[in-house]
Amino acid sequence: MTDLNQNTDFLYPFIEGTEHDPDSLLLDLASSARGKAEVSARLQQASLEEYEDRLRAAGAEMADRFARGGRLYTFGNGGSSTDAATLASLFCRPVRGRAVPAWSLAADQAVVTALGNDVGFELIFSRQVIAHSRPVDMAIALSTSGNSEDLIRALTEARRRGLLTIGFAGHEGGAMSTSDDVDYCFTVHSQSIHRIQESHARLGYRLWSVVQEETQRRTTALLAAGRSDPGGNR
Amino acid sequence: MTMTQEPAALIGKDLSDDLAAASLALARKFHAGATLWVVSPQWEPHAHHVAVEFVHPVIMGKRALPSVALVDPDPVAQARVATRPGDVIIAVASAADPRVVDLMRRAPAWGAQTIWIGFGARPAAGSADHVLWVESDDPMVPATGRFVLMYHLLWELTHVCFEHPGLLTMADDGGRDCTDEVCVTCSDEGRLGEVVMAPESEVSPALVRTATGEEAVDVTLVGPVEPGDLLLVHAGAALTRLDDVTGAAS
């Protein structure tokens, strides 16, 4: 008969404190990194393919609005607020291409804390939309749940004021995906907040690329018209 | 746009090994009480994203860990005063960013380990304890989610390490490659020190900060020194001064 008290640690090599050789852990970690990266890459590719037509349509509308003097506001909470800031920087300080006015509504801590303290956290972005926006402007919200109340309120306010409204969502899309106040909603179908954010970045980059292409097309046409009409004064 | 091709690998074999090593080292430092400082002078939102990732985990039940984005115009000055021995500094920056190059070479004098995330040309060997590099020269890399994936994985793997308590308490000698005969991290020839206060007279010592704290150091061998100068210190004396631009021994 076997000893019931025999050491069974070998069945659970990772759950106790006597583990001393990191090599197998390092192998597992490296393998896990590659696996997660592959999941991310596939999700990004699938999201790009699913939304290519909608990204082109949204990008064309944005290029038209930028050409008419429109400004872009981006916003999100937590990590998504930083991704919103990266997206705004891509538009207003691109390494290549034309810069257009854009900024993150989470960037100013004085404004965010003033609104959060005085009128409530759910209004930190919508109050800024009221203050800044004109109908020609654009709003992009990033939320991995699609349900963040402060974002939904801001998108509703933006839509009411005639802005183009774009949402990046995740999971099943949440309120963002069913709201009439969102012109374009790009839901990344994943349950992982990390993988969703990575795809948001890739989709946002694609959207920016479309805006750049459309802007370039307009510029080329404008210059061609100028050449055929040397007396024209633009 | 090509839509049919298989997505290229975002994390290759070598990078996955680097991520694994960096994650275990970071977990060990957190376990010992480290704060994680984050700088990204060119792409500030990435610094904030790393910090919020560790402070407020997206997965319920994971530990909140101390991490702070340093976004002052002078990241070296900010990190110098913030960092305590045993801390970790992450930079998300190109290898050419002079502020980050300077920060990385000073970190050993503050007793801090370093992780450098970037793309394009790699930093010189030995520039940081852990280099997590995107092998692409595309200048748009910082806006495509590649860095986000990188620090997401760093966070995920670090938390996996916390499930292995037996591996968290082992000594970690850092990951800097030794390419010079005089290796500041290996301490064969000396420890890196940063001058805090110049000597009051020609015969008095300078106050120098090293990985183990502040100490009086005889600087007669290296001549006049100014606050911020980097020295190699051995047995209470400065052996040589490090060149300000390249970090090489003069």
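A residue is called buried when its relative accessible area is under 20%, exposed when it is over 50%, and partly exposed in between. The model described here is predicted.

**Chain A in outline**

- Chain A contains seven helices and five strands.
- Read from the N terminus, its elements follow the order α-β-α-β-α-α-β-α-β-α-β-α.
- Chain A has 234 residues, and 48% of them count as buried.
- When contacts in chain A between residues at least 6 apart in sequence are considered, 69% join residues at least 24 apart.

- B:Val68 belongs to strand 2 of chain B, which spans residues 67-69.
- Because its relative accessible area is 36%, B:Val68 is partly exposed.
- B:Val68 and B:Ala51 are separated by 17 residues in sequence, yet their C-alpha atoms are 5.3 Å apart in space.
- Neighbours within four places in sequence aside, B:Val68 is in contact with B:Leu36, B:Trp37, B:Val38 and B:Ala51.
- B:Ser40 lies in the loop between strand 1 and helix 2 of chain B.
- B:Ser40 has a relative accessible area of 4% and is therefore buried.
- The side chain of B:Ser40 reaches the backbone oxygen of B:Trp43 at 2.9 Å.
- Apart from neighbours within four places in sequence, the residues in contact with B:Ser40 are B:His46, B:Ala47 and B:Val92.

**A sheet in chain B**

- Five strands of chain B form an open sheet, in the order 8-7-6-9-10, with antiparallel pairing.
- Strand 8 (213-217) and strand 10 (237-241) of chain B stand at the edges with a single partner strand each, so one side of each has no neighbour in the sheet.
- On average, neighbouring strands of this sheet are turned by 45° against each other, direction ignored.
- Strand 9 of chain B, residues 230-234, pairs with strand 10 of chain B in the antiparallel sense over four bridges.
- B:Leu232 has B:Thr240, in strand 10 of chain B, as its bridge partner.

**Helix 4 of chain B**

- Helix 4 of chain B covers residues 98-106, and its buried residues are B:Val100, B:Leu103, B:Met104, B:Arg105 and B:Arg106.
- The elements of chain B that cover these buried residues include strand 1 (36-39), helix 3 (75-82), strand 3 (88-92), strand 4 (113-119), strand 6 (191-197) and strand 9.
- At the start of helix 4 of chain B, a side-chain oxygen of B:Asp97 comes to within 2.9 Å of the backbone nitrogen of B:Arg99.

**The contact between chain B and chain A**

- Chain B contributes 48 residues to the contact and chain A contributes 44 residues.
- About 3700 Å² is buried between chain B and chain A, and carbon and sulfur atoms give 69% of this area.
- Three salt bridges are counted between chain B and chain A.
- A:Arg96 forms a salt bridge with B:Asp138, and the closest N and O atoms are 3.8 Å apart.
- There are 11 residue pairs in polar contact across the interface of chain B and chain A, both residues being at pLDDT 80 or more.
- Helix 1 (13-31), helix 2 (44-55) and helix 5 (146-161) of chain B each supply at least two residues of the side that touches chain A.
- Helix 5 of chain B gives the largest share of that side, nine residues.

Terms used
Residues numbered from 1 in each chain as written. Chains lettered and ligands numbered in written order. Predicted model: local features only at pLDDT ≥ 70, side-chain atom pairs only at ≥ 80, totals over all residues. Heavy atoms only, no water. Pairing = 2+ DSSP bridges. Axes fitted to C-alpha atoms, helices over the stretch in contact; angles between N-to-C directions. Buried < 20%, exposed > 50% of the residue type's maximum accessible area, 1.4 Å probe, protein only. Contact = heavy atoms within 4.5 Å. Polar contact = N/O pair within 3.5 Å; in protein donor to acceptor, adjacent residues only side chain to side chain. Buried area = accessible area lost by both parts, 1.4 Å probe. Salt bridge = Lys/Arg side-chain N within 4 Å of Asp/Glu carboxyl O.
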